[in-house]
Amino acid sequence: MSRQDFERQLAISEDSMQSRAVFWLRLDPVLLGLLLLLMGGGLLVLYSASGQNLAMVSRQAVYLAVGLVGMVVIANIPPRIFERWSPWVYLLGLGLLVAVLISGTGAKGAQRWLALPGFRFQPSEIMKLVMPMVVAWYLAKRVMPPSFRHLLMAMILILLPVLLIAKQPDLGTSLLIAASGMFVLFLAGLRWRIILGAVLAALPLVWGMWHYLMRDYQKQRVLTFLNPESDPWGSGWNIIQSKVAIGSGGIYGKGWFGGTQSQLDFLPESHTDFIIAVLAEEFGLVGVLLLLAVYVAIIARGIVIALNAQTLFGKLLAGSITLTFFVYVFVNIGMVSGLLPVVGVPLPLVSRGGTSVVTLLAGFGVLMSVHSHRSWLGRG
């Protein structure tokens, strides 16, 4: 054996050993590291935002741990299993949504949870992952770009859970789930003239939602977004206090526990929807930019995984999960800064959450599954 052949075989052997070391749990080390960084920083911010409530932070840590375990399990499931079981899980999700409307528990006028012995969970959160999965399953078996008939069927798959969730009512979650399904259609090669036609056709739908579907408090959120100063002591209070907190943080912030809007309880929902205002007040523009850098890196990694997927199902699913995660971040930051109406969307993996945290990490488990099984097969 020549020296060149020996070095080539040695390089292949080292590459194989590294692959086994990295993928023995089917985890993507880059994505895993970014997620751990985000979750660790999120716990620090939550501790301050909750008024140093160690019990709340401990519960959040438990949810994160459960989510990480679920992520590892899901990452080891081949994507073809997701594809095979997608329609059945979708039907189960629809059944749970119907059960919520019949016997669900609620708070503040919304009926969104199912109570089980010892805990309760929100079935609509599960649909955030199931929706792109079932649409990708349906379209992956068709010729691309999809025909009008197949687009119509995909739209029916999207609309059924969206309408059930909007009925709870949970308009914010229903729109996000609709977006996750629409992203699959877009990635499947949806023609621009169809997209433009859908936008024009949606205008009467928006009018109908305003007059017949949206509740009074949801309409008030839109009006408050347009002019929060019109009711500074009522519906405009949240966004006004949020802007004050963000602006007062300046470049470097007031320091951990040094915020006034959050620590003195001027900022409502500081540990959930408005937690980034706490971050901005205590760590300033620098802290916000660091957080955004982590989010951008996670999204970029998800896009790379989607582009390198070996199957159409994997490409559509990974791409939709990544773009939906981007929408979560964009909508939360947009509503906290006054650029979008307040729709009750938490900041991913930073805000306090139970079912939402587990579902998000399950989605990243799917991304890792698509990536690691592709890599494994690619080394054959």
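# Helix packing in a predicted model

Helix H5 meets helix H7 through Ser124, Met127, Lys128, Met131, Pro132, Val135, Ala136 and Leu139 on the H5 side, and through Thr173, Ile177, Ser180, Gly181, Val184 and Leu185 on the H7 side. Sorted by class, this contact of H5 with H7 holds nine nonpolar, four polar and one charged residues. The model described here is predicted.

## The overall picture

The protein contains 13 helices and three strands. Of its 380 residues, 46% are buried. Among the contacts with a separation of 6 or more, 73% are accounted for by residues 24 or more positions apart.

## How the helices pack

Two packed helices are described by the angle between their axes and by the distance between those axes.

| Helix pair | Axes come within | Crossing angle |
|---|---|---|
| H5 (residues 123–140) and H7 (residues 171–187) | 9 Å | roughly 20° |
| H4 (residues 79–103) and H5 | 8 Å | roughly 140° |
| H2 (residues 29–49) and H11 (residues 275–308) | 10 Å | roughly 160° |

The axes of H4 and H5 cross at roughly 140°. That makes H4 oblique to H5, since only angles over 145 degrees count as roughly antiparallel. H4 passes H5 in a left-handed crossing. On the H4 side, the contact is made by Phe82, Glu83, Ser86, Pro87, Val89, Tyr90, Gly93, Leu96, Leu97 and Val100. The H5 side contributes Pro123, Ser124, Ile126, Met127, Val130, Met131, Met133, Val134, Trp137 and Ala140. By class, the contact of H4 with H5 divides into 16 nonpolar, three polar and one charged residues.

For H2 and H11, the axes cross at roughly 160°. H2 is thus roughly antiparallel to H11, and the crossing is left-handed. Residues of H2 in this contact include Val30, Leu31, Leu34, Leu35, Leu37 and Leu38, and they meet residues of H11 that include Ile275, Val278, Leu279, Glu282 and Arg301. The contact of H2 with H11 has 18 nonpolar, one polar and two charged residues.

An α-helix has 3.6 residues a turn, so residues three or four places apart point the same way.

In H7, 13 of the 17 residues are buried, so H7 is largely enclosed by the rest of the structure. Gly189 follows H7 and has a positive phi, near 95°.

Helix H6 (residues 148–166) has 19 residues, which at 1.5 Å a residue should span 27 Å. The end C-alpha atoms of H6 are 26 Å apart, which agrees with that expectation. The buried residues of H6 are His150, Leu151, Ala154, Leu157, Ile158, Pro161, Val162, Leu164, Ile165 and Ala166.

## Backbone details in the loops

Most residues other than glycine have a negative phi, and most peptide bonds are trans. Where does a cis peptide bond occur? The bond joining Met144 and Pro145 is cis, with omega about -5°. Pro145 lies in the loop between H5 and H6.

Leu349 is not a glycine, yet its phi is positive, about 65°. This residue is found in the loop between H12 and helix H13 (355–378). Leu349 has a relative accessible area of 3% and is therefore buried.

Leu44 is placed in helix H2. Because its relative accessibility is 48%, Leu44 counts as partly exposed. Leu44 and Trp256 are 212 residues apart along the chain, while their C-alpha atoms are separated by 8.9 Å.

Phe330 is placed in helix H12 (residues 312–336). Is Phe330 buried or partly exposed? With 49% relative accessibility, Phe330 counts as partly exposed. The C-alpha atoms of Phe330 and Leu340 are separated by 9.4 Å, and these residues lie 10 residues apart along the chain.

How values were computed: Residues numbered from 1 in each chain as written. Predicted model: local features only at pLDDT ≥ 70, side-chain atom pairs only at ≥ 80, totals over all residues. Heavy atoms only, no water. Axes fitted to C-alpha atoms, helices over the stretch in contact; angles between N-to-C directions. Helix = DSSP H or I, 4+ residues; strand = E, 2+ residues; numbered from the N terminus. Contact = heavy atoms within 4.5 Å. Nonpolar A, V, L, I, M, F, W, Y, C, P; charged D, E, K, R; others polar. Buried < 20%, exposed > 50% of the residue type's maximum accessible area, 1.4 Å probe, protein only. Expected span 1.5 Å × (residues − 1). Parallel < 35°, antiparallel > 145°, perpendicular 65-115°, else oblique. Left-handed = near helix turned anticlockwise from the far one by under 90°.
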